[in-house]
Amino acid sequence: TTSRRLADRKVERFEKNIKKRGAVPDTATKKGSSYPVGPIVLGFFVFVVIGSSLFQIIRTATSRGMA
């Protein structure tokens with residue numbers, strides 16, 4: 001009958017999906033070597049952080065700790 005055929009087709013599709021589970025192609029997975037931030041942006045961030053800390057140290061040293 002028609003309903004039996006539809007039910008068999010649904011079961012077959014469902015079983016196909018279950019058999020595919022976990023079979024992810026290598027291209028879909030993320031590689032660990034890619035950085036989310038570019039090297040120039042990272043370098044600028046390090047420059048600003050280290051530069052501001054050095055500036056604060058020099059400022060504190062020249063004001064003899066009275067700041």
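This is a predicted model: local features need pLDDT of at least 70, side-chain atom pairs count only at pLDDT 80 or more; totals for chains, interfaces and linings use all residues.
User: What makes Arg 4 and Asp 8 a salt bridge?

Analyst: The closest N and O atoms of Arg 4 and Asp 8 are 3.8 Å apart. The cut-off is 4 Å between a side-chain nitrogen of Lys or Arg and a carboxyl oxygen of Asp or Glu, so the pair qualifies. By this rule the count comes to one salt bridge.

User: Where do Arg 4 and Asp 8 lie?

Analyst: Both are in helix 1, four residues apart, about one turn of the helix. An α-helix has 3.6 residues a turn, so residues three or four places apart point the same way.

User: Why is Arg 4 called exposed, and why is Asp 8 called partly exposed?

Analyst: Arg 4 has a relative accessible area of 54%, and exposed means over 50%; Arg 4 is therefore exposed. Asp 8 stands at 39% relative accessibility. Because buried means under 20% and partly exposed lies between that and the exposed class, Asp 8 counts as partly exposed.

User: Which residues gather in the patch of positive charge on the surface?

Analyst: The patch consists of Arg 5, Arg 9, Lys 10, Arg 13 and Lys 16. Lys and Arg count as positive. Lys 10 is found in helix 1, residues 2-20.

User: What makes up the nonpolar patch on the surface?

Analyst: Val 37, Val 41, Leu 42, Phe 45, Val 46, Val 49, Ile 50, Leu 54 and Ile 57 form this patch, with about 820 Å² of accessible area together. Ile 57 belongs to helix 2, residues 39-62. With a relative accessible area of 55%, against the limit of over 50%, Ile 57 is therefore exposed.

User: How do you know that the span of helix 2 is close to the expected 34 Å?

Analyst: Helix 2 has 24 residues and reaches 34 Å from its first C-alpha to its last, and the expectation at 1.5 Å a residue is 34 Å. Arg 64, with a positive phi near 60°, follows helix 2.

Key: Residues are numbered from 1 along each chain as its sequence is written. Side-chain values use heavy atoms; hydrogens and water are left out. Patches are made of residues with over 30% relative accessible area and no salt bridge: like charges are joined within 9 Å, nonpolar side chains (Val, Leu, Ile, Met, Phe, Trp, Tyr) within 5 Å. Accessible areas come from the Shrake-Rupley method with a 1.4 Å probe; for residues, only the protein chains shown count as cover. Helices (H or I, at least four residues) and strands (E, at least two) are DSSP runs, numbered from the N terminus. Buried means under 20% relative accessible area, exposed over 50%, partly exposed in between (1.4 Å probe, protein chains only). The place of a charge is taken as NZ of Lys, CZ of Arg, CG of Asp or CD of Glu. The expected span of a helix is 1.5 Å times one less than its number of residues.
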